[in-house]
Amino acid sequence: MLEKSKNFTFYFLIILLSSFIFKEISDYLDKQKFLENLRYTDNTLENFYIVSKSNQTYILKGSKMIDKKDEYFIENPILQYFGEKGSFTLTSEKGLYNNENKTAKFYENVSFQSKDVQMKTEYITIDTQKKLAYNDLPTTVSSKNMITTGKNLFLDFDKEVLKLDNVNTQIRGRND
């Protein structure tokens, strides 16, 4: 009887060990199939903060940046610029930077704020090489004493020139 018990235990251990080995092999093969199907086409940064410094400083923050070849899609971008001629902050809900033609596009609730001027629009394109900004949508520019609305914005950062078409300006002043 003891001999039968030893044989039973021996065979039971062999079966148990074999099933364990087959399970490990099966798990390994499942992982290999999973890894084969994984594709790393889009690189994503979340809650990012990028600083570029030279004689001027650019800071770009956002909740998400997705790299798709030559374009970067940005959620909730905040662009801050600090230079010799002043500083500004540009915010929107979405942004797109094209690395090939060096243009940045900001859209949905675009807000541009500097020390003296605020600008609001729904879409703006910035040519980072030529330092130009433009759009073909309604834009509101305001300061302490005026509000200007118009369309077809053109802004040259170097020459400090802002142009709008179909302009309506309201000037606020003191009644002394």
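**View 1. Asparagine 55, an exposed loop residue.** In this predicted model, asparagine 55 has a relative accessibility of 57%, so it counts as exposed, the cut-off being over 50%. Asparagine 55 sits in the loop between strand 1 (43–53) and strand 2. Which residue lies 29 positions away in sequence but 7.9 Å away in space? That residue is glutamate 84, with the distance taken from C-alpha to C-alpha.

**View 2. Lysine 69, a positive phi in a loop.** Most residues other than glycine have a negative phi. Lysine 69 is not a glycine, and its phi is positive, near 55°. The residue belongs to the loop between strand 2 (57–68) and strand 3 (71–75). Is lysine 69 buried or exposed? Lysine 69 counts as exposed, at 80% relative accessibility.

**View 3. The whole chain, for orientation.** The protein has 176 residues, and 24% of them count as buried. Its secondary structure consists of 1 helix and 12 strands. The accessible surface is about 13200 Å². Carbon and sulfur atoms hold 55% of that surface. Take the contacts between residues at least 6 apart in sequence: 24% of these join residues at least 24 apart.

**View 4. Strand 5 beside strand 7.** Strand 5 covers residues 86–91, and strand 7 covers residues 103–114. The two strands pair in the antiparallel sense. How many bridges do they share? They share 4 bridges. Look for threonine 89, which faces glutamine 113 of strand 7.

View 5. Strand 6 spans residues 94–98 and runs antiparallel to strand 7. The two are joined by 5 bridges. Lysine 94 has tyrosine 107 in strand 7 as its bridge partner. The hairpin of these strands has 4 residues between them. Here lysine 102 takes a positive phi, near 55°.

**View 6. Strand 7 and strand 8.** Strand 8 runs over residues 118–127. Strand 7 and strand 8 are an antiparallel pair with 9 bridges. Serine 111 is found opposite lysine 120 of strand 8.

**View 7. Asparagine 109 within strand 7.** Asparagine 109 is placed in strand 7. Its phi is positive, about 60°, although the residue is not a glycine. The relative accessible area of asparagine 109 is 45%, so the residue is partly exposed. In a regular strand the side chains alternate between the two faces of the sheet.

**View 8. The largest pocket.** Rolling a probe the size of a water molecule over the atoms shows where empty space is left. The largest pocket holds about 1300 Å³ of space. Its lining counts 45 residues. Which of them lie nearest the centre? They are Tyr58, Leu79, Tyr81, Phe88 and Phe157.

**View 9. What lines the largest pocket.** By class, the lining has 23 nonpolar residues. Another 11 are polar, and 11 are charged. Which strand gives the most to this lining? Strand 7 does, with 5 residues. Strand 7 also pairs with strand 5, with strand 6 and with strand 8.

Terms used. Residues are numbered from 1 along each chain as its sequence is written. This is a predicted model: local features need pLDDT of at least 70, side-chain atom pairs count only at pLDDT 80 or more; totals for chains, interfaces and linings use all residues. Side-chain values use heavy atoms; hydrogens and water are left out. Buried means under 20% relative accessible area, exposed over 50%, partly exposed in between (1.4 Å probe, protein chains only). Contact means heavy atoms within 4.5 Å. Accessible areas come from the Shrake-Rupley method with a 1.4 Å probe; for residues, only the protein chains shown count as cover. Two strands pair if DSSP finds at least two bridges between them. On a 1 Å grid over the protein atoms alone, a cavity is a set of points where a 1.4 Å probe fits but cannot get out, and a pocket is an open set with protein on both sides within 12 Å along at least five of seven lines; lining residues have an atom within 4 Å of a point. Grid points are joined across faces, edges and corners, and a volume is the space filled by probe spheres set on the points. Ala, Val, Leu, Ile, Met, Phe, Trp, Tyr, Cys and Pro count as nonpolar, Asp, Glu, Lys and Arg as charged, and the others, Gly among them, as polar.
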